[in-house]
Amino acid sequence: MYTEFTNSRGQVSKGWLRKQDLLTPEAWTRRRNEAARLSQEQITQQLQTAKRLLGENNLVASLGIYKKLSDQQVPEAMFYYGDLALRNKNQDIPCEEAIDLVEKASDKNYVEAKRTLGFLYLFAESPQILKVSNYDRCEYKKDVIQGTKLLMEAVLSGDTTARRILDLHKSTTRDDDTNSVDQP
C-alpha cells in the first residue's frame, strides 16, 4: 500500500507499507493498552515501593503509586488509596469514592479490605472507636450483619485482627445490653 503523510514538523514522508503490518485504530489502541499494563512482578515492586514511601512519610509519592495501580484495578492499591482517604491522609478523593474503592478491593477478596469494612460497618455509630482508629473523616453506614460476615471471611482467611475486632464488638454489645438492663 502506498502512503504519504506529513508529520508535526511539516516533513512529508512517502513510501510503501505492507498490508500485513497495518492495524485498525481499535487494534492499535488495544496493543497500546496491553503494553501499558504492568506485569505482576512490576505491580509487586511498585506496591512495595509505595509501602516503603508511606513508612518514610512520603505520602505524596506513595499516593501517586497507589492511584496509578488503583486505576488498573489492583486490589491492594485500591484498598490503600481508599483507606488513606478514609483516614484523612488522602484529600484527592471524597469519602464516597474512598468507601467504594475499599468495597471493590473487598469484592476482589483482599482480606485487609474485608477487615476494614467489617470494622466500619460494626462501629459506624461509635464515634470514639472510629476516632481512636483514625476513621473519623467520613460517616459510615451501620450494618452488623454485613460487618460480621466480612470479618468472618477475613478470619477464615487467617486474619487474627479480624477475630479481635469481632471480640471487641461482642464485648461492647454485651456492655450496652448490660447497661440497658441496669437502667430503669
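Reply: In helix 6, the buried residues are Ala113, Lys114, Arg115, Thr116, Leu117, Gly118, Phe119, Leu120, Tyr121 and Leu122. Buried means under 20% relative accessible area, exposed means over 50%, and partly exposed lies in between (1.4 Å probe, protein chains only). Helices (H or I, at least four residues) and strands (E, at least two) are DSSP runs, numbered from the N terminus. The model is predicted: local features need pLDDT of at least 70, and side-chain atom pairs count only at pLDDT 80 or more, while totals for chains, interfaces and linings use all residues. Residues are numbered from 1 along each chain as its sequence is written, and side-chain values use heavy atoms, with hydrogens and water left out.

Me: How many of the residues of helix 6 are buried, and what distance does this helix reach from its first C-alpha to its last?

Reply: Of its 12 residues, 10 are buried, so that helix 6 is mostly covered. The expected span of a helix is 1.5 Å times one less than its number of residues. Helix 6 (residues 111-122) reaches 17 Å, close to the expected 16 Å.

Me: What is a salt bridge?

Reply: Side chains of opposite charge can pair when their charged atoms come close. The rule asks for a side-chain nitrogen of Lys or Arg within 4 Å of a carboxyl oxygen of Asp or Glu. By this rule there are 10 salt bridges. One of them joins Asp21 and Arg18 at 2.9 Å, N to O, and another joins Arg52 and Glu56 at 3.4 Å. Asp21 is partly exposed because its relative accessible area is 49%, and Arg52 is also partly exposed, at 45%.

Me: Where do Lys67 and Asp71 lie?

Reply: An α-helix has 3.6 residues a turn, so residues three or four places apart point the same way. Lys67 and Asp71 are both in helix 3 (residues 59-71), four residues apart, about one turn of the helix. Their side chains meet in a salt bridge of 3.0 Å, N to O. Elsewhere, salt bridges with shared partners join Lys114, Lys149 and Glu153 into one network.

Me: Is His169 buried or exposed, and which residues is His169 in contact with?

Reply: His169, in helix 9 (residues 160-182), counts as buried because its relative accessibility is 13%. Contact means heavy atoms within 4.5 Å. Leaving aside neighbours within four places in sequence, His169 is in contact with Leu122, Phe123 and Val144.
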